Every structure is written in C-alpha cells, then in structure tokens.
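Try each task before reading its solution.

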Amino acid sequence: MKHLNELTITEARELLDSGDVSSVALTEACLGQIQSLDGALHAFLEVWLDEALEEAKRSDERRARGLRQGEFDGIPIAVKDNMLVQGRRCSAGSKILENYVGVNDATVIAKLKAQGAVFLGRTNMDEFAMGSSTENSAYGPTKHPRDPERVPGGSSGGSAVAVAANMCLAALGSDTGGSIRQPASLCGVVGFKPTYGRVSRSGLIAMASSLDQIGPLTKCVDDTARLFEAIQGKDPLDQTTADVEPFRSQDIRLSGRQDLKGVRVGLPRQAWGEGMTDDVRTRVTAAVGVLKSLGAEIVDVDLPYADEALAVYYVLMPCEVSANLARFDGMRYGLRDSGGTLLETYLRSRASGFGREVRRRVLLGTYALSHGYYDAYYRQAKRVQTLIQNAYAAAFEHVDTLVSPTSPSTAFRIGEKADDPLAMYLEDIFTVGVNVSGLPAVSVPVGDAAGFPVGMHLTGRAFDEATLLRVARAYEVAVGIKQVNK
Amino acid sequence: MPLTREDVSALAHLARIGLSDEELARAEKELEGVLGYVDRLQKVNTTGVEEAAPPAVAAASFREDAVIACDEVGRQTILSNFPARQDDLLKVPAIFEAPKR
C-alpha cells in the first residue's frame, strides 16, 4: 500500500470520490513529507501550511455535501515561485522580489482554484527561471532527491523535486528553453511543455515572452494530461492564447489502445550525434526499442538547422529578458536600494537585486539589441528561427513524433558547471528546439543510469498534444510506472 | 566582434546595473564566451529567408479596451508592495536636481 503522498492524481481522485480518503489526510501526508525532507532538499521557498489545511478542510466539507467543484477538488499541488497567487509572496527566486506579494491570481492558479485544488506552497527555482540546475536561486540551491551533492536540474528544480520526493501529488512549472523537461528528466518524473498558445501566462513572471509556457510536472502521463487539461484555454488576459479545440485527457485514457501501430517515430540525426553520455544513449535507445515493440515504425529523419536552435535561443531569449526585466527598477515594487540620485538608485537596486546569471543575460540582450548589432544578432536569429520552424514542419510531414534524450547527461554535481555558463547552457541542447519552434514536448523517465534517472524527450505537432501524450502513455504502460516513484 | 571593457561598462550603464570593476571584468569574459558561441549563426545562409513571424496565434484577437477594476484587497496589496510610501502615495526619488533658489 502506498503512502497517501505517493499517490498519483488519478489514484487520489478515485479515493477522494469514493470517500475512502479525505483531502485533509492527503494534504497532511504531503506536509509531513515536506517537513521530513525539505530541510535537506530545499524544494520549497515557502509552505502554506495553515492555508493548505484550511483549503483541504473546505474541500472535504464541500464534497461531503455532494458539491465537488472539479477534477482537482482536494488535490494538493505545488506551484513554482513565478506564478502569482493572490495575497501570497512570489519572488521568482530573486532578491529583487523578496517581499513582493501577488496582487491577483495567475490564470492557471485561478483555474485550479475554481476546481478546488489545494496549494501546498511555492517551489524553488533559478532566479527568473534562468538556469538549468536551480543553483541560481537567490535563496540557495535545491538538492537532488537521491544525492544532496547533485543538482535536480532547473529552472523548475523545486517543482521536480517536490514531485519526485512525493511532497505533493503534482506541480506546476514553466518552460522557456527546457525548464520543465530537463529537471523532470534529471529527477525521474514526467514533465510537459504544451504548445505555445495553449496555456495562459497571465500572472506568470515573464522571462522571454515569445517562448515561455506553463506546464505540469507529475508522477505519470495520465496526471500530466489531467493537469494540462485543467490549465489550458484561451484567456483574454494573454493575447497569445489560441482559440483551438480543447485537449481532453479522457481521449488518452479511454483510447483503449496501448499499441502504437501506424505511429511513426522519427530520430533526428542531428540530435543523436556525439553530444550525450553513453549511459544516456543506451537508456533512450532501449526506450525507443520499447516503442518499436509496441508497433511504432522507427525512422531516421533529417532536422536541418536543429543544431542552431541553442544559438538562436541565446540571442532571442536575452533580448526579451533585457526588455522584460526593465520593469524591475526599484520604483513601484520590489527592492529599492536608495542612492543619492534617481540614476544611482536604479544602478544600486538592479545590481543588488539581480544575481549574476540574470545580469549576464540582461547585458547580453542589451548588447544584441543595441545599434549596429541588432541586424547581426536579433534579425539573423529570427531568420534562422524560421529555418528551424520549417525543418520541424517538414519532419512532421513524415513522422508523428520526434524522439531524443531530454538531457545529454544525468544529474551533475552542485558547482560543476556554475562557473562555465556555456556548459550550463548546453544542458538545454535537446529541449530548446521546441521552444524556438513553439511545439509541445514531454520528458518521460526511461530508467536509471548509475543510479540517476534518464529521460526520453518526445516532440509533437502543434496543438496535437493528444498524439504526443498517447505515445508517452503507451511507453509508460508498457514498462510500468513503478520506476517513476522509486 | 570583440568586446572591450568600455563596451561592457556602457552596456551596464544602459541596462542600469551598477557593476564594480571586478564584476565588469568577469562579465566581459563571460559575454565573450557566449557571443563566441552564438556567432555560429553568422555562418548560416539566410538569404531570402523571412524573420520568424510571431507565433501563429499571436494577435489573433483583441479584447475590449475596458478598465478591469481591482478589488480593495488587490488595491491594498499594490500599496503594500510600494518600496516607499506616504499614505496611499508612492514615494520616488527626485527626477530633477533641486531647483536653484
């Protein structure tokens, strides 16, 4: 018998609906696990203990009267520290927002509140979601659940650890270049970035607005489908949200088909070159073998310009960062470090409020956008982005999903890449292409290498998350979900 | 396109980030590394290629240009987020030098 905090959303939903388990019991189990482990792991920046228990109690009372609010009524989840919850602190892992309190709910939070979800607390992250290890948090690093000497990945490292260590049933993260999928891979959980335009970013503290997307980190693909279904949808507060046919998680659950006959899986040559460890290659190749055994057809595909995606990302993203972070000037909210003059106050507030990685990216973006360099950097990157988008479109004429590893290696040691920005950036080499092209992608655990989890990265067609998650689910069912939790 | 210390100092000023000499030196080195990497894009032939359009869904619709009022809790939260305040007013440093008498 699993402990209550180890349940999936799907399992908990059944037990709540049958009355066998209360939301208070589920929430207490998660809070207990946080209390036992978070001193060592530091997944949470703040735990909303009293509020969570109150929400759980209200959920129990509601459901006792037959008034279930939605699929998430009574389900305890964790939230990355860059999504606003009204009246709660939200720092984006930065000193500059240390005491900032959310004025309204992010749309994803409002949607989950309307469905009765219980919010356990806010999870640690790289400052402003800039990083691949959660070492860039102004509040100290999050530790890998299997080895406190190692990183959990990032930037949604706190959310990944909270899920992997059963401190919650599921968590929300955000993904600009791999920030959901890479930590999910390193921690051995499922991490999903929906198609750009599926999920509203209203109330998400922006990093690079043309790339940012919110998504779930969960213990299994079914839970990812459920959480994605709950947070999707067109939103007047985010003009980039698309008016498309909603995703329905039951289409995946009830498809009845576990085989993958007729599904074409593409292996991009550009992704399967030198840039991964032997362990990772072996594990992901074995997982591709499972897809094949389920009836999928495996084909090599050419994805030209895919290896330029990281360079495109490291031009476009800093440009948007430099613009988006201009608002943190110490005037209306956030840290103000007063100097003699207004200029001095700006200089001091932003120097003492921003950490090294944030400053680096702001400077990089300022440079790439400055007179004389704009054409060479920004415009050229936007043109290469077109080439990359076209390459994905061409590949998806022949295949239904593209498969690669999620990360080139397993969890690395804290400090190992801290002084080499480029080495850290290369962590995103397999994940960043889908942000640049706007496509959906999921990382699913495919077992361990030398004791640390490896993830398989599946990319799908725009707004066809159903096919993508069906393939991921078929894999998971075929191998059993057990490896995810232990 | 090599960066000089003066370039980095000018960028930091433009970005309104006050950096010490030591931090400028480190930023120079780190920026050079990243720029060295992204310079690979210069080798890609993009003749006749359009810049990527905003994602297809962007700007597909407009909402009504109407004021969405915030509730009193929201208003109080906005006030409490002010770094400095006097009653309900936001206090900011003077923008101009003190006027001559």
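Two strands pair if DSSP finds at least two bridges between them, and helices (H or I, at least four residues) and strands (E, at least two) are DSSP runs, numbered from the N terminus. This is a predicted model, in which local features need pLDDT of at least 70 and side-chain atom pairs count only at pLDDT 80 or more, while totals for chains, interfaces and linings use all residues. Residues are numbered from 1 along each chain as its sequence is written, and chains are lettered from A in the order in which they are written.

**Exercise 1.** Find the strands that pair with strand 6 of chain A.

Step 1. Start with strand 4 (residues 170-175) of chain A, which pairs with strand 6 in the antiparallel sense over 6 bridges. Here Gly173(A) has Gly215(A) as its bridge partner.

Step 2. Move on to strand 5 (residues 190-193) of chain A, antiparallel to strand 6 over 2 bridges. Val190(A) is bridged to Thr218(A) of strand 6.

Step 3. Check how covered strand 6 (residues 213-218) of chain A is: 6 of its 6 residues are buried. A residue is buried if 20 or more other C-beta atoms lie within 10 Å of its own, exposed if 12 or fewer, and partly exposed in between, with C-beta atoms placed from the backbone.

**Exercise 2.** Describe the surroundings of Gly233(A).

Step 1. Locate Gly233(A) in the loop between helix 7 (221-231) and helix 8 (249-253) of chain A.

Step 2. List its contacts (C-beta atoms, placed from the backbone, within 7 Å). Leaving aside neighbours within four places in sequence, they are Thr241(A) and Pro246(A).

**Exercise 3.** Work out which parts of chain B meet chain A.

Step 1. Take the totals: 48 residues of chain B are in contact with 57 residues of chain A.

Step 2. Assign the helices. Helix 1 (5-14), helix 2 (21-38) and helix 3 (72-80) of chain B each give at least two residues to the side that touches chain A, and the largest share, 7 residues, belongs to helix 2 of chain B.

Step 3. Sort this side of chain B by residue type: 33 are nonpolar, 9 polar and 6 charged. Ala, Val, Leu, Ile, Met, Phe, Trp, Tyr, Cys and Pro count as nonpolar, Asp, Glu, Lys and Arg as charged, and the others, Gly among them, as polar.

Key. Contact = placed C-beta atoms within 7 Å.
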